[in-house]
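Hi all, quick one from me today. Let me put the structure up, and then we'll go through a pocket and a DNA surface.

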Number of protein chains: 2
Amino acid sequence: MSHALITYFKQISQLSTSSEEALKALIQIQSIPKNQDLQHIAQTCKTLYFLKTGLARIYYFHDGNDVTEGFYEPFCLIARAESLFAGAPSKKAIQVLEDAEVWSISTQELSALYDDHRDIERLFTRLFERAYVQTIQRIENLQFHTADERYQLLAQEQSEVLRRVPLKYIASYLGITQVSLSRIRAKKS
Amino acid sequence: MSHALITYFKQISQLSTSSEEALKALIQIQSIPKNQDLQHIAQTCKTLYFLKTGLARIYYFHDGNDVTEGFYEPFCLIARAESLFAGAPSKKAIQVLEDAEVWSISTQELSALYDDHRDIERLFTRLFERAYVQTIQRIENLQFHTADERYQLLAQEQSEVLRRVPLKYIASYLGITQVSLSRIRAKKS
DNA sequence: AAGTTAATTTAACATTTGATAAGTGGATTT
DNA sequence: AAATCCACTTATCAAATGTTAAATTAACTT
């Protein structure tokens, strides 16, 4: 029986049949109601998440302000890498923005497979490489674009977010205030 | 005979003696004069660099403006990951900011070692993980700090850069104009 | 040392964004 | 339906940053 997440993985990197089975055995699925945290602030990241349906964000608090670090759509790897790689508590939380079905994989169980399943190790190396490249592109975006341009880019790349996410979350993601974002929107129409 | 870069690598991740020798055989060293590009724009990233001495930056052009993406000190991995992982030409260049001695490793030769030397593969996975985490931290910095705060943070984390690098490069790294940076500096004294 | 170029600072003004507060509209509760 | 809450917009003013140009300083050449 085919598994949608495994099918997605195989597009990224080859998997032997035995690796496919071993990996499939690790994948858990759960339903999470809107606005609930998948992982709380101060927890150490030991689980990788992938949405089957819904929408999520990673956020943290800066000077008491809620700051959205990123938005995540189905099939996208969701992890707080800075915590995972260091084995240290994260100051960030993962929150589901709509009722969602979520696949999760324990990193401990996953890395136990690496010795016998090199293709699995390479798959996840690739998944993190992709996440890394997106992060690099986001820096370019923040570094030399105006707030207006950053908004346009988000509209191009994650247009669903604009339709489904409260304005305040979008504003902090763009590095501006809610009021400023509202002004930018007003100019367009 | 010990090799300073290998010694550094072994602090990051264990290496067997045979892996150490195999890796050492790939490392080239060259002297590069100040202001020269180590890699030009439009080249595909196929080499990893580490400074033995000197200082470097990655830069690109945005609307005709020279934008510095990052500064690199000795022993730090220098690579244009977005090009390397995709196998596509980079729009970025690597430039040496002072006369420098540079170690380089061909990624093609390196990945040929991965099958027989899993510890080498894991070492470089770790090096890229570290680079990834730095990138994540840089986003936090750009997203919710004022220009002034970003300047202070650079002063803390890479104070050498402030002393040794032309102002215009620092300004674009911080995402502001040279004039604005000059004003920020003036306020402090 | 004089001349030339590059790097940095300063000034003046325009634009963007932040901060605060008030207003509007829609949804939910009772 | 009234009351309440929440999301979003609008208005006003202050602060930060961009733009352009000129002035100063430092570095390099001859």
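So, the largest pocket has a volume of about 1,500 Å³. Pocket here means an open set of points on a 1 Å grid over the protein atoms alone, where a 1.4 Å probe fits, with protein on both sides within 12 Å along at least five of seven lines; lining residues have an atom within 4 Å of a point. Of its 45 lining residues, T125(A), E121(B), T125(B), R126(B) and E129(B) are the closest to the centre.

Quick housekeeping: this is a predicted model, with local features needing pLDDT of at least 70 and side-chain atom pairs pLDDT 80 or more, while totals for chains, interfaces and linings use all residues. Residues count from 1 along each chain as written, chains are lettered from A and ligands numbered from 1 in written order, and side-chain values use heavy atoms, without hydrogens or water.

Back to the lining: α5(B) gives the largest share, ten residues. Helices are DSSP runs of H or I, at least four residues, numbered from the N terminus. By class we get 21 nonpolar, eleven polar and 13 charged residues.

Now, which residues are closest to DNA strand D? They're L167(A), S182(A), A147(B), S180(B) and R183(B), out of 16 surrounding it, where near means a heavy atom within 4 Å. α9(A) supplies the largest share of that surface, six residues.

For S180(B), a polar side-chain atom is 3.4 Å from one.

Terms used. Points joined across faces, edges and corners; volume = space filled by probe spheres on them. Helix = DSSP H or I, 4+ residues; strand = E, 2+ residues; numbered from the N terminus. Nonpolar A, V, L, I, M, F, W, Y, C, P; charged D, E, K, R; others polar. Polar contact = N/O pair within 3.5 Å; in protein donor to acceptor, adjacent residues only side chain to side chain.
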